[in-house]
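Visitor: I have a chain on my screen and would like to learn how to read it. Where do we begin?

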Amino acid sequence: MTVNLLDYDREGLTRFLTEMGEKPFRAKQLLKWMHQSGSADIAAMSDLSKALRDKLAKHAGIELPRVLRDHVAADGTRKWLLSVGDNNGIESVFIPEADRGTLCVSSQVGCALACAFCSTGKQGFNRNLTVAEIIGQLWLANRMLGSDDDAHALHALPPGQDRQPERRVTNVVMMGMGEPLANFENVVTALHLMLDDHAYGLSRRRVTVSTSGLIPALDRLRERCPVALAVSLHAPNDALRDELVPINKKYPLSELMAACRRYLPAAPRDFITFEYVMLDGVNDSIAHAAELVALVRDVPCKFNLIPFNPFPNSGFKRSSAETIRIFRDVLMQAGLVTTVRRTRGDDIAAACGQLAGQVRDKTRRTMSGCADRNVMEATR
Ligand code: SAH
Ligand code: SF4
């Protein structure tokens, strides 16, 4: 196969087809077949002429990541471990709630930014995902959530809810493995597909990019494809953030706050979501909260406090529920809307920031021959 058709958004597909001497509108038909009907079979695309189908089959194909594992947690959270070849595994997680179904999508195998508390970061960077591998996560989730297999997840009602949670993907968050803005072009092309009415047709408000703060790429995202934005803050001052989120040494907080302010006029929502991982005794004091309030004074924002997800040898502990409550109260009293992220899918290690625990690390990769066996071993 020379070309994977899942690598193209509408513009790319139009170019590809035009170069083959085809009419541009064929791109819409192809997008609908692939992304709305969920077809991976060119031969079955019945409103394309036989000649075109033959030509496409000769020059292109539709190739998806392979599902290695598929798990449903007691709370209905569903996690897929996907093989993207060469002994590389990535994950996506579906989180059902009453009013929405959120898919957490990965953008890279590993991550180069090495945040101190992140298991993806601890594993180093391996490679960027292709567009097909990013959008393939959504393709597969839609397909598998619609299947009979998903029926067994339906009995799981989250505590306090009396109606069945959403079992379709209505929202996407780029909060899986990797730093989306470090894989800029592929992520933007995948975002185009998420938003395209001929593909997934999600509104910009329902697609969120989460970044640790790559400022030049943040400015480009604003120009190219402004979707909802989450920024991983995790510390209220440069000294602490330099340690926790090392990219801060290059793009310090004052510049990050300015970039957030620049982003807002283009954003589909009138606030930025700041993520803040709660690390016991590290960034969770009342003084830290007060400092945070001062830091974000000029940025319309909401806070999402994430209880730290522990992993072996992380060197960090999760703040206590009481500490998190007090921290939240300080922010709330200053008028900042603050939610505490509920840990989901704990029994399948599906919580965000815990995903890379399932992928073998770089040192092991060089030692090993069989990829999938390694990935599988790591998930036991
Ligand atoms: N690279 C991007 C998106 C992926 S991480 C970013 O950093 O924003 C998604 C979120 O999970 C980020 O806020 C990240 O800081 C957080 N996270 C990483 N490791 C975590 C852990 N062990 N416990 C809780 N949250 C974690
Ligand atoms: Fe990379 Fe995000 Fe993990 Fe930092 S928190 S290492 S940016 S994935």
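Guide: What follows goes from the whole chain to single residues. Keep in mind that this is a predicted model.

Visitor: How many helices and strands does the chain have?

Guide: The chain has 13 helices and 14 strands. It has 380 residues, and 57% of them count as buried. The exposed surface comes to about 16100 Å². Carbon and sulfur atoms supply 51% of that area.

Visitor: How much of the contact comes from residues 24 or more positions apart?

Guide: Take the contacts with a separation of 6 or more. Residues 24 or more positions apart account for 67% of these.

Visitor: Now helix packing. What describes two packed helices?

Guide: Two values are used: the angle between the axes and the distance between them. Here, look at helix H5 (residues 131-145) and helix H6 (residues 184-195). They pack at an angle of about 35°. Their axes are 8 Å apart. The crossing of H5 and H6 is right-handed.

Visitor: Which residues of H5 and H6 meet?

Guide: From H5, Val131, Ile134, Ile135 and Leu138. From H6, Asn186, Val187, Thr189, Ala190, Leu193 and Met194. By class, this contact has eight nonpolar, two polar and no charged residues.

Visitor: Why do residues three or four places apart point the same way in an α-helix?

Guide: An α-helix has 3.6 residues a turn, so residues three or four places apart point the same way. In helix H9 (residues 253-263), they are Leu253, Leu256, Met257, Ala258, Ala259, Cys260 and Tyr263.

Visitor: What covers the buried residues of H9?

Guide: The cover includes three helices: H7 (215-224), H8 (238-244) and H10 (286-295). It also includes strand E11 (228-232) and strand E12 (272-278).

Visitor: Let me try the loop between H8 and H9. Is Lys249 buried or exposed?

Guide: Lys249 is found in that loop. It counts as exposed because its relative accessibility is 59%, and the cut-off is over 50%. Pro252 is in the loop between H8 and H9 too. Pro252 counts as buried because its value is 18%, and buried means under 20%.

Visitor: Which residues can I use to check distances across this region?

Guide: Start with Lys249 and Asp238. They are 11 residues apart in sequence and 7.8 Å apart in space, C-alpha to C-alpha. Pro252 and Arg241 are also 11 residues apart along the chain, with C-alpha atoms separated by 8.4 Å. Then take Asn237, in the loop between E11 and H8. Asn237 and Pro252 are 15 residues apart in sequence, with 8.9 Å between their C-alpha atoms. Beyond its neighbours up to four places away in sequence, Asn237 touches Leu253 and Glu291.

Visitor: Next, buried residues elsewhere. Where does Ser92 lie?

Guide: Ser92 lies in strand E5 (residues 89-96). It is buried, with a relative accessible area of 1%. Leaving out residues up to four places away in sequence, Ser92 touches Arg78, Lys79, Trp80, Leu82, Leu103, Cys104 and Gln137.

Visitor: And where does Ile42 lie?

Guide: Ile42 is in the loop between helix H2 (26-36) and helix H3 (50-59). Ile42 is buried, at 7% relative accessible area. Its contacts past four places in sequence include Leu5, Arg53, Leu56 and Ile62. Asp54 is 12 residues from Ile42 along the chain, and their C-alpha atoms are separated by 8.4 Å.

Visitor: Last, the ligand. Which residues surround ligand 2?

Guide: Cys111, Leu113, Ala114, Cys115, Cys118, Gly121, Gly178, Glu179 and Ser212. Sort this shell by class: five nonpolar, three polar and one charged residues.

Definitions and conventions
Residues are numbered from 1 along each chain as its sequence is written. Chains are lettered from A and ligands numbered from 1 in the order in which they are written. This is a predicted model: local features need pLDDT of at least 70, side-chain atom pairs count only at pLDDT 80 or more; totals for chains, interfaces and linings use all residues. Side-chain values use heavy atoms; hydrogens and water are left out. Helices (H or I, at least four residues) and strands (E, at least two) are DSSP runs, numbered from the N terminus. Buried means under 20% relative accessible area, exposed over 50%, partly exposed in between (1.4 Å probe, protein chains only). Contact means heavy atoms within 4.5 Å. A residue is near a molecule or strand if one of its heavy atoms lies within 4 Å of it. Ala, Val, Leu, Ile, Met, Phe, Trp, Tyr, Cys and Pro count as nonpolar, Asp, Glu, Lys and Arg as charged, and the others, Gly among them, as polar. Accessible areas come from the Shrake-Rupley method with a 1.4 Å probe; for residues, only the protein chains shown count as cover. Axes are lines fitted to C-alpha atoms, for helices over the stretch in contact, and angles run from 0 to 180 degrees between N-to-C directions. A crossing is left-handed if the near helix is turned anticlockwise from the far one by less than a right angle, and right-handed if clockwise.
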